[in-house]
Structure formats: structure tokens, C-alpha cells
Amino acid sequence: MSLLEVKDLVVRFGDAVAVDGISLTLQPGERLGIIGESGSGKTLTALAITDLLPEGASRSGTILLDGAPMPTSERAMARLRGQRIGMVFQEPMTALNPLMRINDQIAEAIELNSQHVSAQLDTPQLLTEVGLEQKHGDRYAHQLSGGQRQRAMIAMALASQPDLLIADEPTSALDLITQRLVLALIADICARRRMALLFISHDLKAVAQVCTRVAVMHSGRIVETGSVEQVLRAPQQDYTRRLVSASRFAPAATELRPLGETLLQVKGVTRDYHRRNALFWPIAPLRPVNDVSLSIASGEVVALVGPSGCGKTTLAKVIVGLDSASAGSIAFAGQSYRGRDLPKALRRDISLVFQDPFSSFDPRMSIGASLSEPLHLEPALDRALTPARLAEAVSAVGLDPAMLDRYPHEFSGGQRQRLAIARALVTRPRLLVLDEPVSALDVSVRGEVLELLARLQAQFGLTYLIISHDLDMVAAMADRVLVMEAGRIVEQGRPGEIFAHPLHRLTQELVAARLPELDAPSDPDATPAG
Amino acid sequence: MGGGPEGGDTAPSRAVIAYALRRLIGFAVTLLVAALVIFVLLDLLPGDPAQFILGINATPASVAQLRLQMGLDAPAYQRFLGWLGGMLQGDFGMSYTQRAPVAQLIWDRLGVTLPLAVFAMVISMVVGLPLGLLAARRRGKAIDTTIMVLAQTGVAIPNFWFGMLLVLVFAVGLRWLPPGGFTPWIEDSGLALRGLLLPSLALALPQASILARVMRTALVDVAGQDFIRTARAKGLTMDEALWRHGVRNALLPVLTILGLQFAYLVAGTIVVENVFYLPGLGKLIYTAILERDLILVRGATIILILAVTSTMLLTDIAYALVDPRLREGAQR
Amino acid sequence: MRRLLSHPSLAIGLIATLAFALLGLLSLVWTPFPITEIDIGRRFLGPTAAHWLGTDNLGRDMVSLLMSGTLTSFTVALLAVAIGVGIGVPLGLAAVAWGGWVEWLVLRLSDFVFAFPAVIVAILITTLVGPGAVNAIVAIGIFNIPVFARVARGGALSIATLDFVAAAQLAGLGNARIALRHLLPNIMSLIIVQGTIQMSLGILSEAGLSYIGLGTQPPETSLGLMLRDAQSLFLLHPLLTIIPGLCIVAIVIALNIAGDGLRDAIDPRLRQGNRNVLA
């Protein structure tokens with residue numbers, strides 16, 4: 001008998017159908033991945049199964065657990081959920097009660113389900129099982145790192161020794177290395193406890209890593225289902241094919257681009273944030289960037305990679321003039337500056353493309369008004385030429401200049417990121433700093449945006465500094481990679497060489513944390529040890 | 001913003017003390033500046049207290065004599081420091097209209113004003129918080145609508161006008177309670193309590209309505225948060241999850257309101273005591289203004305500000321005790 | 001606009017508020033009886049065909065007094081909000097746009113002003129310059145300053161972290177221009193909602209201040225002053241107390257409903273606990 005059987009599940013918000021009649025089954029101990037992009041209904045499916053839908057949503061269809069329908073009374077359903085199903089959510093910071101110690105939150109889960117199982121687990125055991133130390137249990141959520149919080153969530157989910165674990169994007173809020181460790185932990189625990197897993201993710205490689213079977217969701221329906229090998233190696237449906245090809249990056253151009261003279265030179269830049277303790281006494285400063293030197297040649301594509309908090313974004317801010325170095329200096333085309341003092345005449349030569357296309361445009365201004373803002377940096381420019389310059393930039397990113405009169409909310413994420421690139425191009429800059437340019441986009445549009453960036457680079461002879469944590473993307477785009485850790489650049493070189501033969505410990509970890517390509521031979525047990 | 005993993009090793013009690021100390025410094029500075037503002041404002045006033053005390057017929061010599069005696073000829077900063085120093089020792093100066101120490105006058109009146117504010121506070125919490133809780137847990141149901149309509153009306157009613165209506169109903173109509181006046185506590189504490197019942201009800205109504213609304217909003221807000229979903233995933237029903245995890249989190253915004261509320265209740269007593277002919281601070285201040293007794297006005301306002309700021313200080317400390325995130329130097 | 005009015009509570013609240021405001025404005029050009037017309041012979045009349053709500057202790061027509069008093073109450077509250085918005089919003093925006101010591105100063109200043117409830121400010125001003133409606137305006141207005149400064153700062157802080165503000169900085173826009181061009185338009189809705197809340201609080205505060213003699217003075221009239229006049233008579237002639245009070249309650253409810261509706265209509269995310277609901 002199946003552990004879980006879902007038939008014709010429909011979730012509606014008023015008239016809008018979010019999940020449109022999906023059916024799936026899960027055998028005891030089986031690991032099923034649900035793949036889908038944002039808005040595909042994958043999370044709502046998980047919430048519908050556990051009766052945790054947000055207010056305003058209604059569901060229909062049958063859900064059977066061990067062949068029996070789910071109870072209708074709220075209390076009985078809640079108890080069943082607690083005993084049989086463990087849940088792990090995407091954002092562990094908000095999913096934990098901020099006012100309660102981790103130990104107490106785990107103990108509550110144990111106590112709630114104490115009659116259900118014979119062999120009792122206790123909190124220290126659970127902490128150990130998920131790889132936390134005992135002292136972490138005495139802390140509050142805000143005192144733990146992202147990975148530790150997610151481990152605490154998993155410990156809570158395991159407290160009742162459930163038969164089914166539902167994990168909704170459990171690693172997408174974590175950085176690369178932690179992501180890999182938590183994935184390994186989930187796979188490991190499921191195998192050891194022979195627990196079934198419903199793993200919800202947009203990340204095909206993560207699903208391939210932990211699951212045996214996969215269902216692909218697209219606008220509320222399951223479009224394809226089957227074993228991981230079948231679906232991800234030989235996709236039958238168009239949509240799945242697009243997803244699979246988008247998660248693969250074309251290999252980097254092998255020939256070396258011709259490089260010009262040095263365009264940007266960073267000389268011993270340090271950034272300190274002065275801190276004070278609770279009584280206003282100065283304490284040791286936070287130093288996100290520590291004596292960094294680098295240079296970028298005209299026409300070069302350089303990538304800066306590193307885990308979150310390594311200082312790469314702070315460095316980028318100093319380079320574009322949003323922040324100032326505490327020590328050291330930067331030279332752009334021979335002119336020296338420290339950050340915010342970047343002269344106006346130079347500012348037009350350096351542009352920044354932001355990570356999140358949804359916050360990079362003022363919702364109350366038309367796209368045209370936002371795009372013309374950087375032209376402020378060219379006081380000599382004739383006002384009458386503004387429309388032509390805007391049209392030029394918008395056409396360059398492959399959009400219609402007629403869109404300039406419209407407002408940001410009328411565009412999709414991918415379109416907005418194109419428009420953000422257009423804004424960066426409006427002053428005809430020489431250096432583009434790209435801060436995680438595709439990581440906020442759905443997988444299927446990432447490829448197009450990267451292609452666009454590559455085309456623009458060739459067309460206008462641009463120089464790129466790409467900030468990213470995504471090694472695959474970097475390998476496909478960059479001529480040279482700088483690896484940053486704790487404010488310092490620890491290794492650099494050509495992507496092919498550096499990823500094949502990493503020298504520094506961090507680079508080795510990053511490379512090891514990379515999930516295998518979908519067509520690599522599958523080997524779920526080959527997860528690296530923490 | 002996630003604190004570093006190393007953040008948890010400091011003992012919370014030490015962090016609370018550091019936090020409280022920081023607030024305490026802010027509190028002292030606020031009071032000091034407030035005293036300075038009050039002093040400067042009232043010092044700017046035209047008119048000579050000595051002249052006022054002695055009347056228009058006084059000779060310049062006797063006025064000068066009194067000025068000297070009152071220390072009015074000293075430089076402003078000396079008089080300010082003298083006033084501050086006196087207050088630290090409990091000496092607020094002499095009221096020249098009432099011929100009595102200001103501290104004594106204020107102390108007597110606080111015997112009415114403070115209990116009134118405290119009663120009103122207690123009533124508003126006892127009524128408002130459960131109603132807000134009930135409304136939130138039965139959101140969208142008839143009981144929620146009823147409570148919210150009542151609260152909407154309650155916040156719109158001026159407390160002093162409500163006091164007048166209470167007098168009409170309970171004192172004039174039903175004759176259950178006295179319409180006004182106050183029997184000092186030492187004479188008959190039962191009568192004193194009865195005298196404060198209607199005024200504190202009048203003060204409490206709008207505050208209870210506000211508390212009910214804030215509590216409901218806060219709880220509804222918390223109900224939509226991820227950690228409530230986590231609690232439900234552990235096996236709790238929505239109501240149980242709200243009770244175990246929601247209420248404490250919802251109390252954070254309520255706590256902020258409570259702090260402000262007590263402060264404004266103290267100020268509100270000034271208006272409401274007028275309805276019930278209570279001998280509170282308001283009456284004292286009003287007479288002092290009319291008679292231009294600046295020393296008394298000065299002393300009474302600083303006491304009111306002390307009441308306001310010290311409640312805010314207590315709120316901040318209570319906040320830090322409830323919320324571990326605040327103890328680590330994070331600004332609210 | 002149509003979208004806004006599709007929220008029934010907003011429509012009801014706005015229409016009722018406007019009706020009261022118009023009645024008040026009408027009193028400038030017409031009242032059923034001149035409010036200065038004292039006629040002891042017809043005092044303490046109950047509701048009649050000529051005097052719909054009766055007359056007061058001086059024989060003045062209650063409807064006329066209410067109209068005029070409503071105007072005073074609205075004017076005081078509106079000017080107090082104008083003071084709060086005019087000073088508080090620029091302070092809040094400056095705190096965010098410049099940060100650093102500017103922000104520190106604005107925060108300390110607003111903490112400090114919060115220590116002075118309107119009653120205390122009114123006491124100080126009245127001691128300085130004697131009673132009058134202007135005192136009420138200034139006292140309530142001063143209290144409104146930190147309220148709006150905090151609302152503006154809170155709203156602007158969450159806007160300022162968004163990338164389009166950084167984009168504007170990159171485009172070489174100065175702090176002042178960023179505050180006006182990007183921050184202010186995006187917090188307008190917050191300010192409007194807070195404005196209706198402070199309007200209703202202002203009307204309540206004006207009533208309280210005038211009632212204890214620290215606000216509007218005769219021969220002007222306000223709803224609070226009518227209650228002060230009725231104070232000594234309210235056991236004998238309760239109508240003189242009940243009618244102006246009900247009028248205050250109705251206006252404040254209208255404003256609050258409009259404010260709640262506005263909040264829901266403009267932005268459902270704003271339905272959070274409001275910290276400035278006290279006065």
C-alpha cells in the first residue's frame with residue numbers, strides 16, 4: 001500500500017486555480033522530488049497535503065495516508081500531521097519562534113507526539129543526529145547561522161519519528177557549501193530511518209542528488225513524472241527539456257579574448273565598519289574587505305566568487321562608488337578614487353546591475369524615467385537626444401522602446417533584468433559590475449539573460465566584473481576567477497584550471513559542494529562528508 | 001539580520017543589564033534636557049515673581065529684598081543648577097501662592113492622580129487584551145465584528161465626556177456611586193476607592209478599545225507568520241499554536257503601546273479629574289497657571305515628564321526581557 | 001480613485017468626514033442663527049422646529065454652535081497635522097537620506113518630544129502666552145512632529161534598502177533629490193493614513209484641551225468648549241453635554257473608518273499594529 005496517495009488535488013484562491021488537479025503517490029521510504037519554477041504550485045501542493053494552506057485558499061480532491069483519508073477535524077488532522085509527517089521550510093529564520101530557545105522548540109515537538117512512538121527520542125539525541133552541538137540548543141534562532149537553523153528545523157521535524165518528511169526548498173536560503181551539507185544530511189537521514197521524502201525544489205541538480213523519482217510541475221499541473229534518470233536525462237516534455245537545458249551552461253569560449261590595457265586597479269582596499277558594544281564602547285571593527293588588490297583589463301570578464309558574507313558585495317559597492325574604502329585606493333582608467341568620491345565624469349563609465357530585478361526600479365516611476373536617471377551624469381548631453389539614447393539601450397537588450405512608458409509591475413522578472421541591464425548601458429559605460437545577475441531569476445530565463453550579457457560584451461567591448469556564488473555560471477562566463485574568503489582574495493586563475501585543480505581550502509570546498517551535472521553518473525551515496 | 005553564531009555565549013542577564021544601563025543614560029539625558037527646556041521657557045516669561053507676591057503696591061526696596069531672598073538675582077545657570085540640585089534632594093521650592101513646599105503639594109495630589117492612572121491601566125488591560133485575543137481567534141466571525149465595532153466606537157469617545165455620561169447614569173440616575181469629590185485615603189480608603197471608580201472607568205474605555213485593536217492586529221499578524229505554520233506542522237491546531245507561540249510574540253507591539261499608554265493616562269487624568277472635581281495634579285496646575293505660580297508649574301510639569309519617561313524606560317527594559325534579539329545591542 | 005472608493009468602509013468614512021467638514025465650512029457663510037446672538041429669554045429650549053437641537057444656557061442655537069464648533073475642531077486638528085507633516089516628514093526623510101548623526105539627532109529629538117504629551121505642552125504654552133486655540137494647535141502639532149518623523153523614517157528606511165535607491169545614488173543624485181524623488185512618493189500612502197489617524201486624535205485632543213480651559217476661548221467656539229460651558233449644568237441640562245459629545249464621537253468615527261479603509265485600500269501590508277494610536 002502506498003504511504004501517500006494524492007488524487008485530483010485542486011487548490012483555489014477564489015476563482016484562480018493554483019493547483020490544477022494533480023495526482024501522485026509515494027511508497028514507504030521512497031524519495032520523490034517535485035520540481036517547478038516560482039508560481040508552479042509546488043509549495044501549495046505540499047501545504048495542501050498537510051492541511052496548512054494559507055487563509056483564502058481552498059482545496060478539493062482526495063489525500064490518503066496509508067490508504068485512509070485524512071481526518072476532517074482540525075485537531076485530529078493536526079495530531080496526525082505531527083506524528084506522521086515532518087516538515088522543513090525554506091526560510092529557517094522566520095520558521096523558528098524568535099522568542100523560544102531551540103531546545104524548547106524541539107522538546108515541544110517531542111512532548112506533543114510522545115504517545116505515538118515507543119522509543120522516545122530526547123533533544124540531545126536529535127541535536128546530535130542533525131549535526132548540532134548541545135550548546136546550540138540553548139540558543140535562540142537569531143544566534144545561529146542559516147545552516148544551523150535549518151538543522152534545528154530538521155531536528156524538530158524528526159522529533160516524532162515521522163514516516164514522511166516534506167522539505168520545501170530547504171536549501172535555497174543557504175549558501176553553496178551549507179546547501180550541499182544540508183542536502184547530504186537530508187538524504188542521509190531518510191536513508192537511515194527509511195523515511196519517505198517529498199522534496200520540493202526549483203533546483204534540478206539538488207533533486208537529482210537526493211531523490212529517486214521526480215515530478216515536474218508547471219502552472220499547477222504535473223507535466224512529467226518518472227525516475228530521476230528518465231526525466232532528467234531524457235526528458236519527454238518540452239517544458240522539462242527547457243528546464244534541463246537551462247540548468248546546463250554552455251562551456252566557456254575557449255579562445256582568449258584580446259585584452260586591452262588595465263582598466264580598473266584595486267590597490268590594497270580595506271573596508272572597516274566601526275562597531276560599539278551595548279555601552280557605546282568601541283570594539284574591534286568589522287572588516288568585510290581586508291587589503292584586497294586586483295586589476296581588470298579592458299575587455300576582460302572577471303568573476304568574484306565566495307560564500308555569502310565573504311565581502312564580495314562590499315567590494316563591489318566600493319568599486320562603483322556606493323561605499324568608501326577605509327584604506328587603499330582604486331584607479332579607473334588611471335584616475336584614483338576611494339569610493340564615494342568617484343568623480344561624476346567617471347561614474348558614467350562604471351555601471352552596476354543589481355541582483356533583484358523586482359526592487360531595482362521605483363514602482364512609481366515609468367521605466368523611461370528610471371532609465372533616463374543615469375543620463376544625469378552627462379550634463380553636456382542635449383535633452384533632445386535622451387529618447388534616442390533610451391531607445392538605443394532598450395533595443396540593445398532586445399526589448400521594444402515602446403515599453404519605456406510602462407511601469408515596472410507590468411514586466412516579468414526576466415524582462416526587468418533586461419531593463420536593468422539597459423539602464424546600466426544608457427551612459428555607454430566601459431565597466432559593468434554585475435551583482436549575482438541571474439540568481440533571482442527563474443531557471444528557464446537565466447540562460448537568455450546570460451546569453452544577452454555575453455552578446456553585449458562582445459558587441460560593445462565591455463568589461464565585466466561578475467559577483468556570484470554560482471560556479472557553473474562563472475565557469476561559463478568568465479576569463480578569470482577570483483575566490484574571496486573573509487575579506488581576502490585567496491586564489492585566482494582561469495576557471496578551467498582553478499576548478500579542476502583548486503589549491504586553496506575554500507576553493508576546494510566550493511568545488512566539492514558543486515552538485516554534479518545532470519548527465520554525470522548518479523551516485524547518491526557519494527555525498528561529501530562535512 | 002542574523003547574529004553571528006558566537007553571539008549566544010554571553011550571559012543574557014549581563015546583556016540585559018548593559019541594555020538597561022544604556023536606556024538609563026538616555027532616560028537621564030531626556031529628563032535633564034526636559035528640565036532645561038521647562039526652565040528656559042518659564043524663565044523667559046515677563047513678570048517678576050517677587051513683584052507678583054508682594055502686589056503692585058510694594059516698594060522697590062522690598063521687592064529687591066524678596067528677589068535676593070528668593071535667589072532671583074543669581075545668573076540663570078546658577079538658578080537652574082540650584083533647582084536641579086534641590087529636586088535631587090526632594091526640594092522643589094516653595095509655592096508662593098499656596099505658601100507651601102511644592103514637593104508636598106505635588107505629593108498630596110499624586111495620591112489621587114497615580115492611583116487613578118494605575119486603576120485605569122489595570123481596567124483597560126483586563127478588558128482590552130482578552131477582547132482583542134478573542135476577536136483575533138474568531139476572526140471574521142460575528143463576535144469579532146461586534147468587538148471591533150465596540151472598539152471603533154470606544155476609541156472615538158472623549159474620556160472626559162464618557163465620564164460625564166457615567167455620572168449621569170451611575171450617580172444621578174442609579175445613585176450607586178458619588179458624582180464627584182474625593183475622600184482622602186487616610187480618612188476612608190473605601191470611600192476613596194469608590195470615588196476613583198467612575199473616573200478610572202472613564203479613562204479606561206478608550207485605552208481598552210485601543211488595546212483590543214492592537215492586540216487583535218498583532219495576533220492576526222503573528223498568525224500569518226512562518227513559525228506559527230511550523231508549530232502547526234509539529235501537531236498543534238491553529239488555536240493551540242497561537243496560544244503557545246503567537247501570544248508572546250503578539251505582546252511585543254502591545255508592550256510598546258502599554259508604555260505609552262500609562263504615560264498618557266497620567267496626562268489624561270488632568271482632563272478627567274475636572275469632571276469629577278477630584279483634587280489631582282490637573283487642578284493644582286490649572287490654579288497655578290491662573291495665579292502665575294511658576295515654581296509650582298515648573299515642579300508639576302517635571303513630575304509629569306518624569307512619570308512619562310520612567311514608564312517608557314520600564315517598557316524598554318520589559319521589551320528586552322521578553323525579546324532576546326533586543327539584548328544584543330540591536331536598535332529597535 | 002475608483003479603486004479606492006470600491007472599499008465600502010473608505011467610501012462611507014470619507015463621505016461622512018466630508019459632510020462634517022462641509023457643515024463646518026458652511027458656518028462661515030451661513031448658520032441657522034448667528035452664534036453670537038444671545039437671548040436669555042429662549043435659553044435651555046429643548047429641540048423645537050426652529051431650534052432643531054435646542055438652545056444653550058445663553059439662548060444660542062445649538063445647531064449653529066455645533067456647525068461653528070466643528071469648523072474650529074477640524075481647523076485645529078488639520079493645522080496640527082500640517083505642523084506634524086511639515087516638520088516631521090522632512091526630519092524623518094533626512095534621517096534616512098543622510099543617516100549617521102542626522103539620524104541619531106532626529107531619533108533622540110523625537111524620543112524627547114514624546115516625553116511631552118500635548119497636555120504638558122499646552123500647560124507650558126498657556127503659562128507663557130495665555131490660553132487660546134493657537135495653543136491647542138501648537139501643542140497637538142508638536143506632539144504630531146515625532147509621530148510623523150517616525151512614520152516617515154520607518155517607511156523610508158524600508159524603501160532606502162531597495163536597489164532603485166542605490167541606482168539613483170549611482171546616477172549621481174544627491175541625498176535631497178533622492179529623498180524627494182524616490183523616498184517621499186513611496187511613503188505618501190503611509191503619511192496619508194497616519195494623517196487621518198492624527199486628525200481624529202487631534203479632534204479628541206482639542207476637545208480635551210478646550211474642556212480644561214487650555215484651548216479655544218470664547219467668543220470663538222469649539223466642540224470641546226461647548227462641553228466646558230455645559231460642565232456646570234450637565235446634571236440639569238444633560239442635552240447640552242450629550243449633543244456636542246455625540247458630534248465629536250461621530251466625527252472621530254468617520255475619520256477612523258476613512259483611515260482604516262484607506263489603509264486597506266492603499267496597501268494591505270500596512271495592516272499592522274499602529275504604534276501611534278494614543279494621545
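# Briefing: chains A, B and C of a predicted model

In chain B, residues 24 or more positions apart make up 71% of the contacts with a separation of 6 or more. Two residues count as in contact if their C-beta atoms, placed from the backbone, lie within 7 Å. This is a predicted model: local features need pLDDT of at least 70, side-chain atom pairs count only at pLDDT 80 or more, and totals for chains, interfaces and linings use all residues. Residues are numbered from 1 along each chain as its sequence is written, while chains are lettered from A and ligands numbered from 1 in the order in which they are written.

**Chain B overall**

- Chain B holds twelve helices and two strands. Both are DSSP runs numbered from the N terminus: helices are H or I with at least four residues, strands are E with at least two.
- The order from the N terminus is α-α-α-α-β-β-α-α-α-α-α-α-α-α.
- The C-alpha trace spans about 85 × 60 × 35 Å along its principal axes.
- Of 332 residues in chain B, 44% are buried. Buried means that 20 or more other C-beta atoms lie within 10 Å of the residue's own; exposed means 12 or fewer, and partly exposed is in between, with C-beta atoms placed from the backbone.

**Helix α9 of chain B**

- Helix α9(B) covers residues 226-233, and seven of its eight residues are buried, so it is largely enclosed by the rest of the structure.
- The buried residues are B:F227, B:I228, B:R229, B:T230, B:A231, B:R232 and B:A233.
- They pack against two chains: α2, β6 (85-88) and α3 of chain A, and α8 (189-223) and α10 of chain B.
- B:G235 follows α9(B) and has a positive phi, near 125 degrees.

**Helices α7 and α10 of chain B**

- α7(B) (residues 159-173) packs on α10(B) (residues 238-275) at an angle of about 30 degrees, with the axes 9 Å apart. Axes are lines fitted to C-alpha atoms, for helices over the stretch in contact, and angles run from 0 to 180 degrees between N-to-C directions.
- The two helices are therefore roughly parallel to each other. That label covers angles under 35 degrees; over 145 is roughly antiparallel, 65 to 115 roughly perpendicular, and the rest oblique.
- From α7(B), B:N159, B:F160, B:G163, B:M164 and B:V167 take part; from α10(B), B:G268, B:V271, B:V272, B:N274 and B:V275 meet them.
- This contact has six nonpolar, four polar and no charged residues. Nonpolar means Ala, Val, Leu, Ile, Met, Phe, Trp, Tyr, Cys and Pro; charged means Asp, Glu, Lys and Arg; the others, Gly among them, are polar.

**Chain A against chain B**

- The contact takes 36 residues from chain A and 30 residues from chain B.
- On the side of chain A, α2 (74-84), α3 (92-95), α4 (102-112) and α7 (146-158) each give two or more residues.
- α2(A) makes the largest share, seven residues.
- This side of chain A has 16 nonpolar, twelve polar and eight charged residues.

**Chain C against chain B**

- Here 36 residues of chain C contact 44 residues of chain B.
- α4 (100-114), α5 (118-129), α8 (175-211) and α10 (238-266) of chain C each supply at least two residues.
- α10(C) gives the most, with eight residues.
- This side of chain C divides into 24 nonpolar, nine polar and three charged residues.

**Chain A overall**

- Chain A has 20 helices and 20 strands.
- Buried residues make up 48% of its 530 residues.
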